[in-house]
Amino acid sequence: MNTDIHRLLDEAFTAVEMTPDAQDLKEEIRANLVSRVAELEASGTAPTDAALQAVAELGDVHELLGEAGGAPAPASDSTLNGYTALALRNRVRPKPGFVVRVVVWSAMIVVGVTLGTLGATGVLPLVAGPLIALLGLASTGLGLLVGDSLAQETTTNHPMPHNRAGGYAAASFLMLYGLGFAGYVGLQALPVWCVVFAALGVIAAIILYAFLGATQTNRHKAWTRRAHAQMPPNRFEQEPETAARFGVYVAAIWILTFAVIAVLGFTVGWWWAPVAFLGGLGVMMLVLARMMFGPRKTQD
């Protein structure tokens, strides 16, 4: 799907008050644009150029609203007050097919993780092969859930292109597969040398996440960007030195946390590792709350 259509259509309706009639017309125009762009792409026009040409052929949105008997008046400041009101006005409901798929993907995760954990702890008599298959089931479910969700249009975001959503799906698959192997090794359900697969999965996932995050372009809709621009800046935006100090604290907290995890794992057992992880996460959240909402230093 050519996602440029949705962005350009939102920009065309930027100054239009979204009454029910205007919203209906917008969805009708969207369907026509999708059809027109498909024709242009089939004739050899590049996707971006096809979207631009189709929107240019559309003409002035206000004239279309007038012809349709809608209210072309630009939105007043008073009607734009309130993020909630804007979200309700631009709300996009999830498609029924997507809801069904989410239930299926979630069930795959729950079944794979539950049975895999029971097998790894000895509750169920499972050997290595079925355990790895269950981990694959859960990882596939997570990857499909992430990729499918990102490819959907939401109230605030345009749908992500399928190739990029597939990249996030693959990264999520690798991350859960790597962590699952580490968990099996920690529970002694797999030999220690299998930690190599855990490391490969996690490292590959981090690299893929980093690449996708670094090359990610804006997905927010026009109304969301306008609403965010009107919001007051948070403390980190007002005080860069506070944000830098928080980054140093976070690095120190997690270095110490991973050191504690290693000590606990090699002394009293890897069962205690999650306790240290949750402790580190709790300390980080307390520090974040303190730095975001704590008292400000007064300047003399």
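Start at the N terminus and trace the chain: its elements run α-α-α-α-α-α-α-α-α-α-α-α-α. That makes 13 helices and zero strands. Keep in mind that this is a predicted model.

**The whole chain**

Colour by accessibility. Of the 300 residues, 33% count as buried. Now turn to contacts between residues at least 6 apart in sequence: 70% of them join residues at least 24 apart.

**First stop: the nonpolar cores**

Select F13, I29 and L33. These residues have the most contacts inside the largest nonpolar core, which has 17 residues. Which of them gives the largest share? It is α2, with six residues.

Next, select L135, Y184, L190 and C194. They are among the nine residues of another core, which lies apart from the largest one.

**Second stop: the largest pocket**

The pocket has a volume of about 1000 Å³.

Show the helices around it. α6 (96–120), α7 (128–150), α8, α9 and α13 (273–293) each supply at least two residues of the lining. Which helix gives the most? That is α8, with ten residues.

Select residues 195–214. This is α9, with 20 residues. From its first C-alpha to its last it reaches 28 Å, close to the 28 Å expected at 1.5 Å a residue.

Pick out A198, G201, A205 and L212, the buried residues of α9. Why do they line one face of the helix? Look down the axis: the buried residues fall within an arc of 80 degrees, so they sit along one face of α9.

Go to Q188, in the loop between α8 and α9. Check its backbone: phi is near 65 degrees, a positive value in a residue other than glycine. Is Q188 buried or exposed? Its relative accessibility is 72%, so Q188 counts as exposed.

Move to Q152, in the loop between α7 and α8. This glutamine counts as buried because its relative accessibility is 13%, under the 20% cut-off. Show what surrounds Q152. Leaving aside neighbours within four places in sequence, Q152 is in contact with K95, F98, R101, H158, P159 and R219.

**Last stop: I253**

Select residues 240–267, helix α12, and find I253 within it. At 13% relative accessibility, I253 counts as buried. What is I253 in contact with, leaving aside its neighbours within four places in sequence? Its contacts are G280, V283, M284 and V287.

Finish with a C-alpha to C-alpha distance from I253 to G279. The two are 26 residues apart in sequence and 9.8 Å apart in space.

Definitions and conventions: Residues are numbered from 1 along each chain as its sequence is written. This is a predicted model: local features need pLDDT of at least 70, side-chain atom pairs count only at pLDDT 80 or more; totals for chains, interfaces and linings use all residues. Side-chain values use heavy atoms; hydrogens and water are left out. Helices (H or I, at least four residues) and strands (E, at least two) are DSSP runs, numbered from the N terminus. The expected span of a helix is 1.5 Å times one less than its number of residues. Buried means under 20% relative accessible area, exposed over 50%, partly exposed in between (1.4 Å probe, protein chains only). The arc is that of the directions from the helix axis to the C-beta atoms. A nonpolar core is a set of buried Ala, Val, Leu, Ile, Met, Phe, Trp, Tyr and Cys residues joined through side-chain atoms within 4.5 Å. On a 1 Å grid over the protein atoms alone, a cavity is a set of points where a 1.4 Å probe fits but cannot get out, and a pocket is an open set with protein on both sides within 12 Å along at least five of seven lines; lining residues have an atom within 4 Å of a point. Grid points are joined across faces, edges and corners, and a volume is the space filled by probe spheres set on the points. Contact means heavy atoms within 4.5 Å.
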